[in-house]
Amino acid sequence: MDDHTDQTRKPRADAVRNRERVLEAAKTVFNAGGPEASLEAVAKRAGVGIGTLYRHFPTREDLFEAVYRREVEQLSELAEQLKTTKDPIDALRRWLRSGVEFVATKKGMVAALALAVQSGSELHAFSFERLTTAIGSLLDRAVAAGAMRADISPEDLLRAFFGMCYMHDQPGWQSSVLRMLDVFVDGLRVQMAAKARLRPAGRPAKPAVKRKR
């Protein structure tokens, strides 16, 4: 009985490792997109046979959904890690920049996810709740520190972020979005913080000039 147990445990451990390798490979392949974003390319990059891939993910949609959920979970975990960052604005900026990679992966499988992630679906609700909570925790911290304006909600921030990502579809769109994100985040800083950051070092602010009546 013990021998049988030992024999069954090893395949299970191997199966877990193979599944993770497939998911990581799928993320890379789907992120690149294009004609190479195939299940065969995923299996090759993961170093497993196509049969092994199908044993873990019987359909293309199963694999896409698993990658999607894994990416959302990783963004949630990243938000928790960034809470310890000294600069709350930098923490928010780093999370958003990581989100661009998430969107790139999602774009690589957008057709297959079109139905699964449609508004009102369980997967849509799962991702929206997790991402809103993640970005909300970083936003709240920045507002509490007096570094960011308080009249923007996590939902507003997410909509703006995804809007920037999906208005660009040409090759190299990530670089453009990353530049826009920097401008966007700087625009959300409270005004005094922005003025202090832009003022040359050692030069005091000019006093306001009273108008003559």
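**A helix residue and some aromatic rings**

Mentor: Ser 98 is found in helix α5, which covers residues 88-107; helices here are DSSP runs of H or I with at least four residues, numbered from the N terminus. The model is predicted, so local features need pLDDT of at least 70 and side-chain atom pairs count only at pLDDT 80 or more, while totals for chains, interfaces and linings use all residues. Residues are numbered from 1 along each chain as its sequence is written, and side-chain values use heavy atoms, with hydrogens and water left out.

Trainee: Is Ser 98 buried, partly exposed or exposed?
Mentor: Buried means under 20% relative accessible area and exposed means over 50%, with partly exposed in between, using a 1.4 Å probe and protein chains only. Because Ser 98 has a relative accessibility of 27%, the class for this residue is partly exposed.

Trainee: Leaving aside neighbours within four places in sequence, which residues is Ser 98 in contact with?
Mentor: Contact means that heavy atoms lie within 4.5 Å. Once the neighbours within four places in sequence are left aside, the contacts of Ser 98 are Leu 75 and Leu 78.

Trainee: What is the angle between the planes of Tyr 68 and Phe 102?
Mentor: These two rings form a tilted aromatic pair, 5.5 Å centre to centre, and the angle between the planes is 45°.
The pair links distant parts of the chain, with Tyr 68 in helix α4 (residues 60-82) and Phe 102 in helix α5, 34 residues apart. Tyr 68 counts as buried because its relative accessibility is 3%, and Phe 102, also at 3%, counts as buried.

Trainee: The charged end of which residue sits over the ring of Phe 162?
Mentor: A charge sits over a ring if NZ of Lys or CZ of Arg is within 6 Å of the ring centre and within 35 degrees of the ring normal. At 5.6 Å from the centre of the Phe 162 ring, the charged end belongs to Lys 106.

Notes. Helix = DSSP H or I, 4+ residues; strand = E, 2+ residues; numbered from the N terminus. Phe/Tyr/Trp six-rings, centres within 6.5 Å; stacked < 30°, edge-to-face > 60°.
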